[in-house]
Amino acid sequence: MNALTAALRLPVVLVRYRELLGAFVRRELRARIEGSILGRIWPVAQPALLFAIYYFIFVKILRIPVNDQLAPHGTEPHAIGWRATFFLIIGILPWTVFAESLNRGTGVVVGHANLIKKIAFPSELLPVYQVLVYHVYFLIGFSIVLAVEAVVNSGLPLALAWFPAVLVVQMMFITGLAMVLSAANVFVRDVMQAVPILLTFWMFTTPVFYDPMSILDAAKASGNEDAAHWALNAGTAMHFNPMAILIQIYRAIFSYGRIPFPLVGLLKLALVAAGVLWLGYAYFLRSKGRFADEV
């Protein structure tokens, strides 16, 4: 069967081996908490502590500017810091799950060489389970953000109903890239070393810690034409950056109607994610027959 045609059967494969996939995810989650003092508390404590750190550093010390259009509801002085914190954390959470999934997913096939060599099993489950593990942490962190949001702003935005669709698109995109990188790393081990560098570059070209529109407004107000030109070009380039679009969608969810939900952007990103997953899995299928000889 042609790899491109066989790649369309990924949902069937995942359903068929769902118990094995679940076992991989549970084992990985257990391994992360065994031997630690706080144990099961860490998945909750870590994002909560990060939330507090971001609030203190970026809001209280650096006083990062945030475009009012993207801010949650509230205009009181004490709410300004919370707006900036939500703006930052809503960008950081999806980026973290993206970067960690790819960093760990790249070496997952090589790291399970004993399984690849000794038994016949669906090796495509390896990058998928890594992506799922980090999405468990993502959902925990997101739940904490929602809890704080509900208390600070006395409610949650209606656009939150779009979250399941956004989450599925996000997982499709990350899984497709993880498939490509994990397979490529079997044959060229330099991929494992290159991925963190590429992700660092990608992060600074994605509005994780900043808002180009806020920089543009500030540059125009100060008369800094160079900064205004950079911000304008950065905003244009981000239309071609899937992660920038994804973060924009998450921030639109928490805008409380200040900006319309970018449904067209979500549909475009869904098409890109589906294409990346399809082609990534097709490449994985074409490569997996040689894994045992290479690992």
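This report describes side-chain contacts and surface features in a predicted model of a protein chain.

**Aromatic pairs**

A pair of aromatic rings is described by the distance of the centres and the angle of the planes. A search of the whole structure finds 14 aromatic pairs. One of them is the pair of Phe24 and Tyr129, which is stacked, with 5.1 Å from centre to centre and 20 degrees between the planes. This pair links distant parts of the chain: Phe24 belongs to helix α3 (residues 18–33) and Tyr129 to helix α8 (residues 125–152), and the two are 105 residues apart. Both Phe24 and Tyr129 are buried.

Another pair, Phe163 and Tyr250, is tilted, with centres 6.3 Å apart and planes at 50 degrees. Here helix α9 (residues 163–187) supplies Phe163 and helix α13 (residues 242–253) supplies Tyr250, and 87 residues separate them. Phe163 and Tyr250 are both buried.

Trp95, Phe98, Phe173 and Trp202 form one aromatic cluster.

**Salt bridges**

Side chains of opposite charge can pair when their charged atoms come close. The structure holds 2 salt bridges. In one, the side chains of Glu28 and Arg104 meet at 3.2 Å, N to O. Glu28 lies in helix α3 and Arg104 in helix α5 (residues 79–106), so this pair ties together parts that are 76 residues apart in sequence. In the salt bridge of Lys288 and Glu124, the distance is 2.8 Å, N to O. Lys288 is in helix α14 (residues 263–288), whereas Glu124 is in the loop between α7 (113–118) and α8, 164 residues apart.

The table gives the accessibility of these residues.

| Residue | Relative accessible area | State |
|---|---|---|
| Glu28 | 10% | buried |
| Arg104 | 36% | partly exposed |
| Lys288 | 27% | partly exposed |
| Glu124 | 4% | buried |

**Surface and loop residues**

Which residues form a nonpolar patch on the surface? They are Leu49, Leu50, Ile53, Phe56, Ile57 and Ile61, which together have about 530 Å² of accessible area. Leu49 is placed in helix α4 (residues 42–61). Because its relative accessibility is 48%, Leu49 counts as partly exposed.

Arg9 lies in the loop between α1 (3–6) and α2 (10–16). With a relative accessible area of 42%, Arg9 is partly exposed. Although Arg9 and Tyr281 are 272 residues apart in sequence, their C-alpha atoms are 9.7 Å apart in space.

Note on methods: Residues are numbered from 1 along each chain as its sequence is written. This is a predicted model: local features need pLDDT of at least 70, side-chain atom pairs count only at pLDDT 80 or more; totals for chains, interfaces and linings use all residues. Side-chain values use heavy atoms; hydrogens and water are left out. Patches are made of residues with over 30% relative accessible area and no salt bridge: like charges are joined within 9 Å, nonpolar side chains (Val, Leu, Ile, Met, Phe, Trp, Tyr) within 5 Å. Accessible areas come from the Shrake-Rupley method with a 1.4 Å probe; for residues, only the protein chains shown count as cover. A salt bridge is a side-chain nitrogen of Lys or Arg within 4 Å of a carboxyl oxygen of Asp or Glu. Helices (H or I, at least four residues) and strands (E, at least two) are DSSP runs, numbered from the N terminus. Buried means under 20% relative accessible area, exposed over 50%, partly exposed in between (1.4 Å probe, protein chains only). Rings of Phe, Tyr and Trp (its six-membered ring) pair if their centres lie within 6.5 Å; planes under 30 degrees apart count as stacked, over 60 as edge-to-face and the rest as tilted.
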